[in-house]
Amino acid sequence: MTDLTRLTLAAARAGLKAKEFTSSELTGAYLNAIEGGNSKLNAYVAVTGERAQAQARASDARLAAGQGGPLEGIPLGIKDLFATKGVHTQAASHILDAFKPEYESSVTSNLWRDGAVMLGKLNMDEFAMGSSNETSYYGPVINPWRANNSNAQLVPGGSSGGSAAAVSAWLCAAATATDTGGSIRQPAALTGTVGIKPTYGRCSRWGVVAFASSLDQAGPIARTVEDAAIMMTSMSGFDPKDSTSVDLAVPDFAAAVERGVKGLVIGIPREYRMDGMPAEIEALWQQGIAWLKAEGATVRDISLPHTKYALPAYYIVAPAEASSNLARYDGVKYGLRDTGKDITDLYELTRADGFGREVKRRIMIGTYVLSAGYYDAYYVQAQKVRTLIKRDFEIVFNDGVDAVLTPATPSAAFGIGDEDMKADPVKMYLNDVFTVTVNMAGLPGIAVPAGKDGAGLPLGLQLIGKPFDEETLFAAGRVIERSAGIDFSPDKWW
Amino acid sequence: MSVDAATVKRIGRLARIRIEEGEVETYRTELNTILGFVEQLGEVDVSGVEPMTSVMPMTLRRREDKVTDGGYPEKIVANAPLTEDNFFMVPKVVE
C-alpha cells in the first residue's frame with residue numbers, strides 16, 4: 001500500500017470518497033508518522049491520538065453513508081494559538097501552563113463542522129513572536145530540510161514553524177497557522193510549502209490567542225496551492241463574535257486555482273529590491289516574472305514608496321497592541337501563578353517567570369511607546385505611516401494592477417541558534433521585511449515555493465492581492481507552482 | 001530618544017514584569033537597539049495624514065443590548081490557579 005501521508009489533501013479527499021482507504025487508516029498513518037518523527041522535529045507540542053481516532057471513525061461512518069463535509073476524514077494539525085476545547089492551548093508559553101479552554105475557536109469549529117480530524121497542537125514561537133520558532137517554551141522546531149551534504153539543523157521559520165514543518169514532513173495533511181507580520185508566509189517559504197494570509201477580516205479571530213489584534217489573521221499552510229484553497233474555504237466566514245469579521249460570502253477558492261493569469265496585470269515593486277539582496281533571490285524573482293508573462297500576464301514596474309518604513313512601524317504597532325493584549329496574563333485567571341507578598345508582587349513575579357525573553361522585550365517596547373509623553377512621537381506617528389503604506393497599495397490597485405509579485409523572504413532557512421540574530425533582535429526582525437507590509441495594509445498575501453538556493457534549500461515567491469481577492473492569488477500562485485514544477489519533498493532523515 | 005537604567009525599571013513596573021538588577025543593562029541595550037531602528041519613522045512627512053484606526057473600512061457593528069451568553073461561573077474559573085466558591089482568589093488588597 002502506498003504511504004497515505006504522502007498524498008495531497010485533495011488526493012486524500014478523493015481517495016476517501018472513492019473508498020480506496022478509510023479515514024481511520026489515513027489518521028493511523030499520520031499518528032504513526034508523528035510517533036516516529038516528532039521527537040526529532042518537535043513540531044507537535046500535544047498529540048490528541050484518541051480524539052483523532054474517534055473523529056476518524058465518525059467520519060468513516062458518514063463517508064460510508066455517502067455523506068460528509070468538504071474536509072471529511074482529513075487529519076489536520078492545529079497551531080497552539082487556536083483555542084481547542086479541553087485540549088492543550090498555551091501559545092507555546094510557560095505562562096499558560098495547563099490551560100485547557102472551555103470553548104472552541106471559530107476557525108477550528110468551522111473545520112470540525114466540515115469533517116476534519118485533529119491530530120494535535122503544533123509548536124510555534126511563544127505568543128507568535130518570532131521568525132525562527134526558537135522562542136517557544138517547548139524548544140525549537142527543526143526544519144525537515146537540510147542543506148546538501150550537511151547535517152546542520154535549520155530553523156523552519158516562524159512563528160508558525162510547527163505548522164510548516166509538520167506539513168512539509170508529512171505529519172499532517174495541512175495545518176492552521178496565523179500571520180501577524182509574516183508568520184504564515186515566511187515559514188511556508190522556508191519549508192517549501194504553500195501559505196496564505198487572507199485579507200484582514202476574512203477569518204474570525206475569535207478564540208485565537210491575541211498578539212496584535214489589528215494585524216492578526218488566521219490562514220492555512222498546505223503542500224499545494226489547491227490544498228491551501230480547500231483549507232481556506234473551510235476556515236473563512238463571517239463570525240458575529242469577532243467585531244472585525246467581515247460579512248462577505250466565501251467563494252469556493254479551489255474553483256479559482258486553475259483560472260490562470262491571462263490578462264492580469266502583475267506589479268513589480270522596485271522598493272523590494274533591497275541592498276545586499278542575494279543574487280539567488282533576485283534570480284528567482286526574475287524567473288517568477290518570466291513564468292507569469294509566459295502564461296499571458298502583463299508585468300508592470302510599480303512603486304510602493306513607503307515600503308522601507310513598514311518594518312519599523314510594525315515594531316511600534318505590534319508591541320503596543322501586544323503589551324495591551326498580554327496584560328491579561330496575571331497569575332489570577334489562568335495558567336502559571338507565582339507566590340508574591342502582595343498582589344503587585346504576584347503579578348510581577350508571575351509575568352517575569354512565565355514570559356520568555358522575546359515576549360518580555362516586546363511588552364516592554366509596547367509599554368514604552370504607549371507611555372505618557374511618547375505616545376504621539378511613536379504610536380501616532382507609526383499609525384500615520386501605516387495609512388501611507390496602505391495608500392501606496394491603493395494607488396497601484398486603482399491604477400489597474402491585479403496583484404503584486406515579490407520575494408517571500410530575504411534568504412533560505414538559516415541555522416538554529418544563529419549568533420548574529422541572537423546578538424541583535426533587529427536582525428531577526430528583518431526576516432519579515434517582504435511580508436510585513438501586507439499585514440500593515442490588511443491585504444491578502446500568499447507564499448508559494450518557486451525554486452531552491454545553491455544549497456538545495458527551498459525559496460518562495462510572494463503574491464499580494466487586493467482586499468478580498470484571494471482568488472487571484474490562488475490562480476497566480478498555481479501558475480508559479482506549475483511553472484516551477486519542482487518536487488518540494490525533503491529527504492527524510494527523521 | 002534612548003532609555004536609561006531608571007527608565008527600564010519604570011517600564012518594567014508599568015508592564016508588571018519584575019526586572020532584576022542584573023537584567024537592566026541587557027534590556028537597556030536591546031530596547032535602545034529597537035528604538036534606534038524605529039527612529040527612521042521620524043523622517044516621513046505625515047502632515048495632513050490621519051492615523052490608521054481600522055485597516056478595512058468598517059463601522060463597528062452594534063447589536064441589541066441583551067444578554068446572549070453567560071451563567072456558567074464554574075467554567076470561567078475552571079482554569080484559575082486558586083478559586084473559592086467560583087471566585088478568583090488573590091492576596092489581600094485592602095487592609
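Helices (H or I, at least four residues) and strands (E, at least two) are DSSP runs, numbered from the N terminus. The structure is a predicted model, in which local features need pLDDT of at least 70 and side-chain atom pairs count only at pLDDT 80 or more, while totals for chains, interfaces and linings use all residues. Residues are numbered from 1 along each chain as its sequence is written, and chains are lettered from A and ligands numbered from 1 in the order in which they are written.

A residue is buried if 20 or more other C-beta atoms lie within 10 Å of its own, exposed if 12 or fewer, and partly exposed in between, with C-beta atoms placed from the backbone. Strand 6 (residues 217-222) of chain A is largely enclosed by the rest of the structure, because six of its six residues are buried. In a regular strand, side chains alternate between the two faces of the sheet. One side of strand 6 of chain A carries Gln217(A), Gly219(A) and Ile221(A), the other Ala218(A), Pro220(A) and Ala222(A), and both are covered.

Chain B holds three helices and two strands, in the order α-α-α-β-β along the sequence. Chain B is more spread out than a compact globule, because its radius of gyration (taken over C-alpha atoms) is 22 Å, well over the 12 Å that the globule rule (2.2 Å times the number of residues to the power 0.38) gives for 95 residues. Of the 95 residues in chain B, 16% are buried.
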